[in-house]
Amino acid sequence: MTKDERDMTGTTVKSRSSETFDVIRCYNGEAVLAPHDLVEERPLVVRIDGQQYAVIMRTPGDETIHAAGFCLSEGIVDDPNDFLTIVHNENADEVEITLRPGIHERFERILKENNLVSLSGCGIFERGIQDRRLGLLRKISGGERIKVGDAIGQIERLRDLQEMHKETWGAHGAMIVDSSLETLSISEDVGRHNALDKAIGRLLMKGRLEDARICVLSSRISYEMII
């Protein structure tokens, strides 16, 4: 499966998210050989202001918004205007990011604390940065409530919208909705952390983070995803 996206320069880039293989399935005691799409996973290098910041094992696709959401999750940026450029180098599987000067100083402080390698199933392996991440938490205002039936309905809606999962049976999904339960953003990836970063990044770059109220996930939630 291929999809097109545009980076911040307006350039269209193509990404693959799955490949077809012959697989053996067992039905009623009979083994059947048939083609099946398997979700792809490759490393993505994130470079910020010329320095390597992280290597993320992820499903190819949506690289620029993935990197944007990742930077937001890391506390490097707060606003899309904090980026000067975000460019995906498809040949090298790298995203090159440049920050505006004031944000660069914040990044340099964070860079001294971090040595990050991401695995899709476990998120980021971190060294001594949990206290800083906990400091990013803010109290939620508004007291949003949702009925149990509506919550179940959103889980079913996420499942219906997961096109990659329908093809591969192996992709996580993250969907963000507003106070009216209207879908604002949805993303998929072999890793649940990546799916969430992509969903957040899409809203960040659209300038609609303030509209986000509820996140619906295809998997368990963990403390670092909450942060």
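Trainee: Which residue stands opposite Val-216 in S13?
Mentor: Met-175 does. Keep in mind that we're looking at a predicted model.

Trainee: Okay, and how many bridges join S11 to S13?
Mentor: Four, and the two strands run antiparallel. S11 covers residues 172-177.

Trainee: In what order do the strands of that open sheet come?
Mentor: The order is S12-S11-S13, three strands with antiparallel pairing. Strand S12 (183-189) and strand S13 (214-217) are the edge strands, each pairing on one side only. From one strand to the next, the twist averages 15°.

Trainee: Which helices lie across S11, S12 and S13?
Mentor: Helix H4, residues 148-161, lies across them and runs at about 125° to S11.

Trainee: Switching topic: what's the mean pLDDT of the protein?
Mentor: The mean is 83, and 81% of the residues reach 70 or more.

Trainee: Which elements have the lowest and the highest mean pLDDT?
Mentor: Strand S2 (residues 12-16) has the lowest, at 40, while strand S8 (residues 94-99) has the highest, at 96.

Trainee: And where does pLDDT stay under 50?
Mentor: Over residues 1-15. For that stretch the model has 43 contacts beyond four places in sequence.

Trainee: Now charges. How many salt bridges does the count come to?
Mentor: 12 salt bridges. Side chains with opposite charges can pair when their charged atoms come close.

Trainee: What does Glu-40 form a salt bridge with?
Mentor: With Arg-42, where the closest N and O atoms are 2.5 Å apart. Glu-40 counts as buried because its relative accessibility is 11%, under the 20% cut-off. Arg-42, at 28%, counts as partly exposed.

Trainee: What about Asp-93, which residue is its partner?
Mentor: Arg-58, with the closest N and O atoms 3.4 Å apart. That pair links distant parts of the chain: Asp-93 is in the loop between strand S7 (83-89) and S8, and Arg-58 is in strand S6 (residues 51-58), 35 residues apart.

Trainee: Is Arg-58 buried or exposed?
Mentor: Buried, with a relative accessible area of 1%. Asp-93 counts as buried as well, at 13%.

Trainee: Which residues are linked in a network of salt bridges?
Mentor: Glu-40, Arg-42, Arg-58, Glu-63 and Asp-93.

Trainee: One more: what does Arg-100 meet in a salt bridge?
Mentor: Asp-82, at 3.0 Å from N to O. Arg-100 lies in the loop between S8 and helix H2 (101-113) and Asp-82 in the loop between helix H1 (63-73) and S7, so the pair ties together parts 18 residues apart in sequence. Arg-100 is partly exposed at 35%, whereas Asp-82 counts as buried at 3%.

Conventions
Residues are numbered from 1 along each chain as its sequence is written. This is a predicted model: local features need pLDDT of at least 70, side-chain atom pairs count only at pLDDT 80 or more; totals for chains, interfaces and linings use all residues. Side-chain values use heavy atoms; hydrogens and water are left out. Two strands pair if DSSP finds at least two bridges between them. Axes are lines fitted to C-alpha atoms, for helices over the stretch in contact, and angles run from 0 to 180 degrees between N-to-C directions. Contact means heavy atoms within 4.5 Å. pLDDT is the predictor's confidence in each residue, from 0 to 100. A salt bridge is a side-chain nitrogen of Lys or Arg within 4 Å of a carboxyl oxygen of Asp or Glu. Buried means under 20% relative accessible area, exposed over 50%, partly exposed in between (1.4 Å probe, protein chains only).
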